[in-house]
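These are my notebook entries on one protein model. I set down what I looked up, entry by entry.

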Amino acid sequence: MSVEAAANANYGSTASGSSFYAAMRVLPRAQREAMFQIYSFCRQVDDIADSDGPRPERLAALQQWRDDIDALYAGHPPERLKDYVASVKTFGLKREDFVAIVDGMEMDVPQDIRAPDLATLDLYCDRVASAVGRLSVRVFGLPEDDGIELAYHLGRALQLTNILRDIDEDAGLGRLYLPREWLWHAGITNNDPARVTADRALPKVCAPLAERAKMHFQKSDEIMKRNSRRAVRAPRIMSKYYRAILDLLIARGFTAPRAPVRVSKAAKIGILLRYAII
C-alpha cells in the first residue's frame, strides 16, 4: 500500500520485495491479478521519477501516463492498460487514485524534494502511499469507510517507515524527506541531504517521525481488527512486516553511521504463518 512498496526508494520496496509478493499470494486469483496490475503501474511511474533522464522528458512521460489513464476510463485503453479494464470494472478502482500516484511521483521531478514542510510531506505520503492503499482496499473488499481510513493510516505508516529506513539512500539521490519544521526544531537549518544525514542532531528529527509512524500503525491495526480476517490478510502482513522494520530502526537508532536493517527470514515466515492462514 505504498509506491515504495511497489517500486524502489519511494515506492519500490513493497512490490519488488518479498513482503509484497508474500502478502499478495494469499489472495484469490482475481484480486491477486488486480493487485499486481496496481503495483506494476506504481513500479513503472516510479522508474520514470527515479531515472536519471532529463527532467523535461520525465515530466512528459508522466503526463503520458495521465493521458493513458484518461483513455482507460474513457473506454479506449492503450495497449499497456488493456489488462486493467476488468479490474477497474470488477473492483471499482477510481481514476483519481491512479492520477494521484502519478502526481506524487511528479513531486520529485521538477526538482528533488528537500526538507518539505509538514503539509507537503503529508501530501506526498497521501499520493505515493495512501492513494495506492485506496486502490488496494477496493480489491481487498473492505467496507468503503473503513477501507478509506485504513488506506489513510497504513499508507502513511508504510511511507514514513520507508523514509526513515532510506535516509542515506535518498540522500545519495539528492533527496531529503524529513520535515523542515522538525529539522529547524532540532537546530538543523541546512537542507543539503549529505550534511543533514551527518548531523549529530538528526535523531531528534527521526524520533518524532517514528512516533508518528507508530501512531498510524496503531490506527490501522484498530481498523483491521474490526474487519474480517480474510479481507485484511494482505494489508495485515504488510503492516506487520513494515512495523518490524520500524522497530529495528528504532532499536538501531539514527546516529551516523547507520547500518541497514533487515527483517530476518524467520521473522518473515512467522508473520506469514500467523496472518496468512485463515
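Which residue lies over the face of tryptophan 65? I found arginine 80 there, at 3.6 Å from the ring centre. I note at the outset that the model is predicted.

I looked up its ring partners next. Tryptophan 65 forms an aromatic pair with phenylalanine 41, with 5.3 Å from centre to centre and 85 degrees between the planes. The pair is edge-to-face, because an angle over 60 degrees falls in that class. Phenylalanine 41 belongs to helix H4 (residues 29–50) and tryptophan 65 to helix H5 (residues 55–73), so the contact ties together parts that are 24 residues apart in sequence.

I then checked the accessibility of both rings. Phenylalanine 41 has a relative accessible area of 1%, and tryptophan 65 has 2%. Both therefore count as buried, the limit being under 20%.

For the model I recorded five aromatic pairs.

Entry on a further charge over a ring. I looked up tyrosine 152 and found the charged end of arginine 156 over its ring, 3.9 Å from the centre.

Entry on the backbone. I recorded a cis peptide bond from alanine 256 to proline 257, with omega near -5 degrees. Proline 257 is placed in the loop between helix H14 (233–252) and H15. I also noted alanine 115, a residue other than glycine with a positive phi, near 50 degrees. Alanine 115 is in the loop between helix H7 (95–106) and helix H8 (118–140). With a relative accessible area of 5%, alanine 115 is buried.

Entry on the surface. I found a nonpolar patch formed by Ile269, Leu273 and Ile277, with about 300 Å² of accessible area together. Isoleucine 269 is located in helix H15 (residues 265–275). Its relative accessibility is 42%, so isoleucine 269 is classed as partly exposed.

Entry on the whole chain. I counted 15 helices and zero strands in the protein chain. Of its 278 residues, 54% are buried. Along the principal axes, the C-alpha atoms fill a box of roughly 50 × 45 × 30 Å.

Methods: Residues numbered from 1 in each chain as written. Predicted model: local features only at pLDDT ≥ 70, side-chain atom pairs only at ≥ 80, totals over all residues. Heavy atoms only, no water. Phe/Tyr/Trp six-rings, centres within 6.5 Å; stacked < 30°, edge-to-face > 60°. Helix = DSSP H or I, 4+ residues; strand = E, 2+ residues; numbered from the N terminus. Buried < 20%, exposed > 50% of the residue type's maximum accessible area, 1.4 Å probe, protein only. Lys NZ or Arg CZ within 6 Å of the ring centre and 35° of its normal. Patch = residues over 30% accessible without salt bridge, like charges linked within 9 Å, V, L, I, M, F, W, Y side chains within 5 Å. Areas by Shrake-Rupley, 256 points an atom, 1.4 Å probe, with all protein chains shown as cover. Salt bridge = Lys/Arg side-chain N within 4 Å of Asp/Glu carboxyl O.
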